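Colleague: I would like to go through this model with you, one feature at a time. Where do we begin?

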Amino acid sequence: MKTRIAASALALMSTAAAAQDAASTLPDAVARVAPALEAYSTEDLVGSVWNGEELSMRDRALVTFAALMTRHETENLGSYVELALDAGVSPAELSETITHLAFYTGWGNATAAAEAMAPIYEERGIAAEDLPAVDPELLPLNEEAEAARQENVQGNYGDVSQGVVDNTEQLLFLDLWLRPALEPRDRSLVTVAALIAAGQPEQMTFHLNRAMDNGLTQEEAGAMLSHLAFYAGWPKVFSAMPVAKEVFESRSQ
Amino acid sequence: MKTRIAASALALMSTAAAAQDAASTLPDAVARVAPALEAYSTEDLVGSVWNGEELSMRDRALVTFAALMTRHETENLGSYVELALDAGVSPAELSETITHLAFYTGWGNATAAAEAMAPIYEERGIAAEDLPAVDPELLPLNEEAEAARQENVQGNYGDVSQGVVDNTEQLLFLDLWLRPALEPRDRSLVTVAALIAAGQPEQMTFHLNRAMDNGLTQEEAGAMLSHLAFYAGWPKVFSAMPVAKEVFESRSQ
Amino acid sequence: MKTRIAASALALMSTAAAAQDAASTLPDAVARVAPALEAYSTEDLVGSVWNGEELSMRDRALVTFAALMTRHETENLGSYVELALDAGVSPAELSETITHLAFYTGWGNATAAAEAMAPIYEERGIAAEDLPAVDPELLPLNEEAEAARQENVQGNYGDVSQGVVDNTEQLLFLDLWLRPALEPRDRSLVTVAALIAAGQPEQMTFHLNRAMDNGLTQEEAGAMLSHLAFYAGWPKVFSAMPVAKEVFESRSQ
């Protein structure tokens with residue numbers, strides 16, 4: 001019981017710090033040139049969206065970080081690293097997120113994110129032993145699902161690029177996705193956020209289904225869309241909505 | 001009559017300054033490493049495209065700013081802020097543009113644009129009273145059109161993300177679009193420019209129709225496509241052309 | 001024989017320098033915050049992908065530069081300029097690449113790339129006479145193919161934007177594509193890489209066919225997809241795969 005109380009108190013502290021962080025992601029320049037934008041930020045985005053109960057603040061911070069990293073919005077990314085850490089994303093999880101998204105949004109986005117993270121990790125005394133191991137014991141593989149996926153991709157694209165087919169199997173599905181430093185549900189969460197932010201709804205069906213197989217609820221997915229509208233822009237979310245609708249409907253049958 | 005002469009003289013002065021600004025958006029490095037690119041810039045882009053009569057220089061500056069902000073091309077954005085102001089975009093209009101595009105291309109693009117604008121607004125002595133009010137008297141709502149839009153979106157996506165549906169109504173169509181600091185025609189202009197620059201032609205049908213309902217002519221829309229080819233790249237424009245064709249044809253019937 | 005030995009020795013030297021460059025594109029921050037990402041970089045990306053024999057290191061460097069320039073990943077672009085030059089891309093070819101991609105991915109990407117290149121060109125003593133001429137003698141035009149292309153575009157889009165149609169003919173197909181500073185095969189290579197990196201597979205059919213008409217082999221195209229998965233992200237490549245498949249199949253019939 002004591003542990004739970006302590007954890008709960010820590011969560012409250014984290015949330016207060018995270019709320020403060022969310023408010024401070026807005027540069028001072030906004031108030032000077034666009035007071036209306038500052039009002040929308042303070043009242044609607046920070047004051048309302050971030051406190052929405054359908055998705056935890058920790059998940060919102062992770063999803064926001066994934067979206068901004070995907071969009072290569074590097075100049076302000078450090079403030080979202082602070083926010084994610086204060087909202088309860090562990091240093092290991094955030095580290096693993098950039099490793100994961102290196103594959104899903106491009107290496108340069110991950111190296112730029114690493115440069116934004118490094119001074120903050122140093123300042124907070126986060127050390128090598130707090131980070132995911134290079135060669136951990138992997139999670140168990142769902143062999144049947146993986147065999148089906150690989151057969152499908154090999155059949156469709158083996159003649160186009162065997163390199164892509166092989167790397168997808170060896171590096172992604174037999175290795176990266178089985179690394180324990182990020183829960184499969186969270187790995188899926190950042191992948192879907194990255195696809196929405198990158199404007200790639202055509203790749204979302206597989207990953208949103210996988211996210212929900214991994215435990216993401218429909219309510220959380222809907223709240224993620226609502227949250228990302230602010231950070232990726234409304235049109236990106238409106239292009240993702242019909243895909244989400246199809247996935248939700250196909251799973252309810 | 002005197003007023004018209006003065007306004008006309010001011011327009012000439014603005015255009016000369018703007019033409020100078022357009023030329024100076026090109027960094028010196030271009031001439032050093034790619035003389036051919038400098039020649040295309042000077043002769044074709046600055047010397048010809050920017051002077052095309054189908055679209056005013058003021059509109060070209062607004063559209064270019066919207067495209068570059070959408071693409072997060074922040075390092076040189078200040079020179080396009082100067083150009084827009086000298087070409088006749090008012091400080092209030094440019095401020096409202098970033099507020100509008102925060103919703104349409106993502107918050108981080110808007111905050112980065114604010115950081116590019118702030119030193120220029122300060123240098124030009126643009127003060128708080130020159131900027132759009134936070135809570136102005138709103139423009140009248142076309143209630144019938146809005147009811148149809150909302151019914152359509154609620155019906156399609158209420159089950160997917162009620163948060164998106166509600167925010168789209170409350171923040172965008174009952175508030176942002178009715179703010180008087182940017183003419184509806186200009187609001188539509190920057191929205192369509194942002195969609196082309198973001199590579200989202202699939203979201204363009206609604207907004208190009210709305211732009212033309214709000215007064216954008218077909219000739220101006222065609223000139224915007226031609227202008228944006230340089231700033232967003234030819235393929236982005238070629239993906240937008242079939243959508244524009246469909247909209248133009250549907251409206252001529 | 002002596003010349004060939006010398007050229008071959010030079011190639012080896014270039015490759016060693018280029019391999020060193022490839023390793024040094026990774027910022028130190030990566031090891032500090034994400035040791036697993038560093039391991040994937042060193043073992044898989046630099047240690048394996050870059051040495052794949054299906055595509056030369058010179059082509060890999062050119063394709064990578066095109067992708068990163070398209071993604072406006074400017075902060076680290078200089079290290080890829082060094083890599084390209086050391087891997088055998090000539091200063092004139094790299095200069096012409098940014099001129100070409102100004103049209104295909106937007107002017108701001110090209111000017112930012114020029115700023116990354118300028119200090120390196122200065123340090124290496126690359127002078128104006130090493131760069132492509134502004135008005136060179138153009139390569140011969142395939143008049144039949146160009147007439148067909150122009151007729152098609154004029155018929156489809158003349159009513160939408162005559163400006164786009166005219167500039168596409170005059171600036172791109174009767175000028176840029178005929179400039180001798182970059183082989184048509186290489187011009188196509190960077191164009192296709194840019195389209196994949198920009199997430200525009202819908203524009204790839206024409207250019208991949210043109211690339212293969214210009215000498216790119218199917219094996220090279222497949223290896224480019226596999227290479228770009230790392231730099232543009234897996235989903236971008238998976239959206240390009242069906243288009244490549246269709247092009248490959250249509251050409252084998």
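Modeller: With a definition: a salt bridge is a side-chain nitrogen of Lys or Arg within 4 Å of a carboxyl oxygen of Asp or Glu. The model is predicted, and over all chains it holds 45 salt bridges.

Colleague: Which parts of chain A does the salt bridge between A:Glu96 and A:Arg179 link?

Modeller: The side chains of these two residues meet at 2.6 Å, N to O. A:Glu96 belongs to helix α6 of chain A, while A:Arg179 sits in the loop between α9 and α10 (184-197) of chain A, and the two are 83 residues apart. Both A:Glu96 and A:Arg179 are buried.

Colleague: How far apart in sequence are the parts tied together by B:Arg187 and B:Glu96?

Modeller: In that salt bridge the closest N and O atoms are 2.9 Å apart. B:Arg187 lies in helix α10 of chain B and B:Glu96 in helix α6 of chain B, so the pair ties together parts 91 residues apart in sequence. B:Arg187 is buried, as is B:Glu96.

Colleague: And what about C:Arg58 and C:Asp59, buried or exposed?

Modeller: Both C:Arg58 and C:Asp59 are buried. They form a salt bridge, with 2.9 Å between the closest N and O atoms. In chain A, salt bridges that share partners join A:Arg58, A:Asp59, A:Glu93, A:Arg185, A:Asp186 and A:Glu220 into one network.

Colleague: Let us turn to the chains as copies. How is the relation between two copies described in general?

Modeller: Two copies of a chain are related by a rotation about an axis and a shift along that axis.

Colleague: What rotation superposes chain B on chain A?

Modeller: A rotation of 120°, with 0.0 Å of shift along its axis and an RMSD of 0.0 Å. These copies too use different surfaces, since 2% of the contact residues of chain B recur in chain A.

Colleague: How much area do chain B and chain A bury between them?

Modeller: About 3,500 Å², 66% of it on carbon and sulfur atoms. B:Trp107, B:Tyr157 and B:Val160 supply 20% of the area that chain B buries against chain A, more than any other three residues. The contact takes 46 residues from chain B and 39 residues from chain A.

Colleague: What are the corresponding values for chain A and chain C?

Modeller: Chain A and chain C bury about 3,500 Å² between them, with 66% on carbon and sulfur atoms. A:Trp107, A:Tyr157 and A:Val160 supply 20% of the area that chain A buries against chain C, more than any other three residues. Zero salt bridges are counted between chain A and chain C, and 13 residue pairs are in polar contact, both at pLDDT 80 or more.

Colleague: Now single residues. Where is B:Gln203?

Modeller: B:Gln203 is in the loop between α10 (184-197) and α11 (204-213) of chain B. The cut-off for buried is under 20% relative accessible area, and B:Gln203 is buried at 19%. Not counting residues up to four places away in sequence, B:Gln203 touches A:Pro235, A:Phe238, A:Ser239 and B:Leu195.

Colleague: Which residues is B:Gln218 in contact with, leaving aside its neighbours within four places in sequence?

Modeller: B:Met212, B:Phe248 and C:Asp159. B:Gln218 is found in helix α12 (residues 218-232) of chain B and is partly exposed, with a relative accessible area of 35%. A polar atom of the B:Gln218 side chain lies 3.4 Å from the backbone oxygen of C:Asp159.

Notes: Residues numbered from 1 in each chain as written. Chains lettered and ligands numbered in written order. Predicted model: local features only at pLDDT ≥ 70, side-chain atom pairs only at ≥ 80, totals over all residues. Heavy atoms only, no water. Helix = DSSP H or I, 4+ residues; strand = E, 2+ residues; numbered from the N terminus. Buried < 20%, exposed > 50% of the residue type's maximum accessible area, 1.4 Å probe, protein only. Contact = heavy atoms within 4.5 Å. Buried area = accessible area lost by both parts, 1.4 Å probe. Polar contact = N/O pair within 3.5 Å; in protein donor to acceptor, adjacent residues only side chain to side chain. Least-squares fit on C-alpha atoms with pLDDT ≥ 70 in both.
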